[in-house]
Amino acid sequence: LHLGVALYVRGDLARAREALEYLTSRRANDAAAHTNLGLCYLEEGRLDDAEACMRKAIQSGPGADAYLNLGDVLTAKRQHDAAVDAYARAGDLEATSVDVNLSLGKAYRAVHDHGLAVVHLRRVLEVNPLHAEALELLEHTLDPRDGAKGAAGARASVPPGSGGLHRRRATGT
């Protein structure tokens, strides 16, 4: 697993995929191996294979990251309603997660449910008031008449020194 993850992180997708395919053939219920193989497939544009891996990872060891990754694959497949469902399952497990709420905010925007998009983007800003992507999405999601006021209001309550969070992808566990 560590070899596959290291190769993936280095950007050597072909060798990472080979190592992870070998590992999943030997350890069929290894959620981390299936997740990382799915990430390789996602990067390669093999979306059906990526989805199958993410679903196998969920069967082997469901967790918020597994549902987030499945949601990412479904988003790439433009199956936005299904992506909302996957992200919502992640939210059931980690309701205050920045990653979960940002993903839900984006997914609800994609299905044109701007009210729920705003709810989840504001949850991101409750944890990290300077989250640049959430601020930008919130500004574009709010009604144009309220956009400037809403974004300015969100920025006005920001404590200095807050930083952005980055999504976890490959796992070594």
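Biologist: How many helices and strands does the protein chain have?

Modeller: The chain has 10 helices and zero strands. Helices are DSSP runs of H or I with at least four residues, strands are runs of E with at least two, and both are numbered from the N terminus. Along the sequence, the pattern reads α-α-α-α-α-α-α-α-α-α.

Biologist: What sort of model is this, and what are its ground rules?

Modeller: This is a predicted model, where local features need pLDDT of at least 70, side-chain atom pairs count only at pLDDT 80 or more, and totals for chains, interfaces and linings use all residues. Residues are numbered from 1 along each chain as its sequence is written, and side-chain values use heavy atoms, leaving out hydrogens and water.

Biologist: What makes Leu39 buried or exposed?

Modeller: Its relative accessible area is 0%. Buried means under 20%, exposed means over 50%, and partly exposed is in between, with a 1.4 Å probe and protein chains only. So Leu39 is buried. Leu39 sits in helix H3, residues 31–44. From Leu39 to Met54 is 15 residues in sequence and 8.5 Å in space, C-alpha to C-alpha.

Biologist: What share of the chain's residues is buried?

Modeller: Of the 173 residues in the protein chain, 44% are buried. In helix H8, the buried residues include Ala117, Val118 and His120. Leu121, Val124 and Leu125 are also buried there.

Biologist: Where does Ser97 lie, and why is Ser97 called buried?

Modeller: Ser97 is in the loop between helix H6 (80–93) and helix H7 (98–110). Its relative accessibility is 13%, so Ser97 counts as buried. The Ser97 side chain also reaches the backbone nitrogen of Val100 at 3.2 Å.

Biologist: What makes Asp30 and Arg27 a salt bridge?

Modeller: A salt bridge needs a side-chain nitrogen of Lys or Arg within 4 Å of a carboxyl oxygen of Asp or Glu. The side chains of Asp30 and Arg27 meet at 2.3 Å, N to O, and they form a salt bridge. Asp30 has 12% relative accessibility, so Asp30 is buried. Arg27 has 41%, so Arg27 is partly exposed.

Biologist: How many salt bridges does this rule give?

Modeller: The count is 10. One of them joins Arg15 and Asp12 at 3.4 Å, N to O. At 46% relative accessibility, Arg15 is partly exposed. Asp12, at 22%, is also partly exposed.

Biologist: Why do Arg46 and Glu44 count as a salt bridge?

Modeller: Their closest N and O atoms are 3.9 Å apart, and the pair forms a salt bridge. Arg46 is partly exposed because its relative accessibility is 32%. Glu44 is partly exposed because its value is 29%. Salt bridges with shared partners join Arg17, Glu21, Glu44, Arg46 and Asp49 into one network.

Biologist: What share of the contacts joins residues at least 24 apart?

Modeller: Contact means heavy atoms within 4.5 Å. Among contacts between residues at least 6 apart in sequence, 48% join residues at least 24 apart.

Biologist: What is the accessible surface of the protein chain?

Modeller: The accessible surface is about 9000 Å², and carbon and sulfur atoms hold 51% of it. The area comes from the Shrake-Rupley method with a 1.4 Å probe.

Note on methods. Polar contact = N/O pair within 3.5 Å; in protein donor to acceptor, adjacent residues only side chain to side chain.
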